[in-house]
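Here is a short report for a reader who is meeting this structure for the first time. Keep the sequence and the 3D view at hand while reading.

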Amino acid sequence: MNPVIPIRSAETLGCANTAVISEKGQRQVFCGLTGIIWLHRKIQDAFFLVVGSRTCAHLIQSAAGVMIFAEPRFGTAIIDERDLAGIADANDELDRVVSELLARRQDIKLLFLVGSCPSEVIKLDLSRAAERLCKQHMPHTRVLSYSGSGIETTFTQGEDACLAALTETLPARTSQGKHLLIVGTLADVVEDQLSLLLRKMGIDHFDFFPPRRSTTLPAIGPETVCVLAQPFLADTAKQLESKGVKRLEAPFPLGAEGTTQWLQVIAQAFAIDHTRFEEVTQAPRQRAEQSVARHRTQLQGKSITFLPDSQLEIPLARFVYQELHMKLLEVGTPYLHRQIMAPELEQLPSSTRLSEGQSLELQLDRCDADQPDLIVCGLGLANPLEAKGFTTKWSIELVFTPIQGYEQAGDLAALFSRPLARKLKLVA
């Protein structure tokens, strides 16, 4: 009998108990306002009124390449000329802006007041303002608030803050039977694909949160179980659990393996027969594996470092290690939620260097020492790193691109292979 030759050396798996480099220092990340860019597209009858500065408006309108009406001057342009005693006038001004906005836009069913970080805005109690405005404009428009301030949130935490606020408004479920809630903003096409797989397995009672329209908020009850589709929703998960919703612990649906494991956890919770599960998932899983394999040839053995930005870093590290056979040097994340990440950490090699938070200079020094083939980082770091000869991938692309599920596995792999292919062409 011929010996089995491993395609790569055996590595001990499991990072759950690995020491983490915890850093506090200069960091380079977007603020939570950025979440508006994908949230306003998802909840189609919602409006996000940024209470902030002109800088906030420029970030949303220019840097993200979208036009969103926000009247952000309110926060600073008016209050800058007044002292703290003028706060009462600021509330009046906010009420006026909201009333004019809702008079013009009858299609707005849900209005979020989004706080930012200028000191004049911090003085405003937006949660109380939302309660006041909600009384004025219900039942036509519900008004909620959350913070997208760069002092309190980073990048994807804006979605977490938004959904945590929205969780308070979820109606009580009155119908009997187990019900699944899939939590996290997904592209419509991904929702449709996952819905089809769940129905083929025999799971008919499920909802996505957030919904596409605020008037169809999912109801929750004692028999509701939830599963996260995005890894940056710790506060939302905590709010749901406080309402009696049980959270299923699962890896995230990235790549063929991650999607299979994510669906398996759901199938087990709903007592779906193993044979039925295999029948439903076999074909799309094979398609996903084949599409990923095309990129593995180019990426296998390449080293990669993730700098902290989106909180997607750990699930992505599992994907590139497990399915693309890349070598993990450092996996940095803004925040490490061990409970949520436990199924992912178990599948990372124990030699992985994990870091939480950021001290930018120290982290860049480690990049210089490691010389990774590819660095996944925020927008602001990409050009300086490219100038030093590194190949980079913007982490924001991984947030904006539909990457969850079987059918997107090849696209996800391509996001890692494309920068290296581009560099080869430039060198040639």
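The sections below cover the pocket and the cavity, the aromatic rings, the cysteines, and some backbone features.

## The model

This is a predicted model. Residue numbers start from 1 along the chain as its sequence is written.

## The largest pocket

Start with the open space. The largest pocket has a volume of about 370 Å³. Its lining counts 20 residues. Trp38, Thr185, Ala187, Val399 and Phe400 lie nearest the centre of the pocket.

Two helices each give at least two residues to this lining: H1 (36-42) and H16 (395-400). H1 supplies the largest share, with 4 residues. By residue type, the lining divides into 12 nonpolar, 4 polar and 4 charged.

## The enclosed cavity

The volume of the largest cavity is about 40 Å³.

Val227, Leu228, Arg247, Leu248, Glu249, Ala250, Phe252 and Ile340 form the lining of the largest cavity. Of these residues, 6 are nonpolar and 2 are charged, with no polar ones.

## Aromatic rings

The structure holds 7 aromatic pairs. One of them joins phenylalanine 206 and phenylalanine 208. The ring centres of these two are 6.1 Å apart, and the planes meet at 90°, so the pair is edge-to-face. Both phenylalanine 206 and phenylalanine 208 are buried. Another pair is made by phenylalanine 306 and phenylalanine 416. Here the centres are 6.4 Å apart and the planes are at 70°, so this pair is edge-to-face too. Phenylalanine 306 belongs to strand E9 (residues 303-306), and phenylalanine 416 to helix H17 (residues 409-427). The pair therefore ties together parts that lie 110 residues apart in sequence. Phenylalanine 306 is buried because its relative accessibility is 0%. Phenylalanine 416 has 0% relative accessibility, so it is buried as well.

Trp38, Phe155 and Phe400 make up one aromatic cluster. Trp38 and Phe400 are also among the residues nearest the centre of the largest pocket. A charge meets a ring elsewhere: the charged end of lysine 178 sits over the ring of phenylalanine 270. The distance to the ring centre is 5.7 Å.

How many disulfides does the structure hold? The number is 0. Cysteine 367 is in no disulfide either. The cysteine sulfur nearest to that of cysteine 367 belongs to cysteine 377, 8.4 Å away. A disulfide needs the sulfur atoms within 2.5 Å.

Are these residues buried or exposed? Cysteine 15 has a relative accessibility of 0%, so it counts as buried. Cysteine 367 has 2%, so it counts as buried too.

## Backbone features

Most residues other than glycine have a negative phi, and most peptide bonds are trans. Some places in this model depart from that pattern. A cis peptide bond links methionine 138 to proline 139, with omega about 5°. Proline 139 sits in the loop between helix H6 (126-137) and strand E4 (142-147). The bond from phenylalanine 209 to proline 210 is also cis, and its omega is near 15°. Proline 210 falls in the loop between strand E6 (206-209) and strand E7 (224-228).

Phenylalanine 155 is not a glycine, yet its phi is positive, at about 40°. Its place is the loop between E4 and helix H7 (157-167). The relative accessible area of phenylalanine 155 is 0%, so this residue is buried. Glutamine 311 also has a positive phi, near 70°. Glutamine 311 lies in the loop between E9 and helix H12 (313-322). With a relative accessible area of 2%, glutamine 311 is buried.

Leucine 348 lies in the loop between helix H13 (338-345) and strand E11 (353-358). Its relative accessible area is 0%, so leucine 348 is buried. Leucine 348 and glutamate 11 are 337 residues apart in sequence. In space, they are 9.4 Å apart, C-alpha to C-alpha.

How values were computed. This is a predicted model: local features need pLDDT of at least 70, side-chain atom pairs count only at pLDDT 80 or more; totals for chains, interfaces and linings use all residues. Side-chain values use heavy atoms; hydrogens and water are left out. Buried means under 20% relative accessible area, exposed over 50%, partly exposed in between (1.4 Å probe, protein chains only). On a 1 Å grid over the protein atoms alone, a cavity is a set of points where a 1.4 Å probe fits but cannot get out, and a pocket is an open set with protein on both sides within 12 Å along at least five of seven lines; lining residues have an atom within 4 Å of a point. Grid points are joined across faces, edges and corners, and a volume is the space filled by probe spheres set on the points. Ala, Val, Leu, Ile, Met, Phe, Trp, Tyr, Cys and Pro count as nonpolar, Asp, Glu, Lys and Arg as charged, and the others, Gly among them, as polar. Rings of Phe, Tyr and Trp (its six-membered ring) pair if their centres lie within 6.5 Å; planes under 30 degrees apart count as stacked, over 60 as edge-to-face and the rest as tilted. A charge sits over a ring if NZ of Lys or CZ of Arg is within 6 Å of the ring centre and within 35 degrees of the ring normal.
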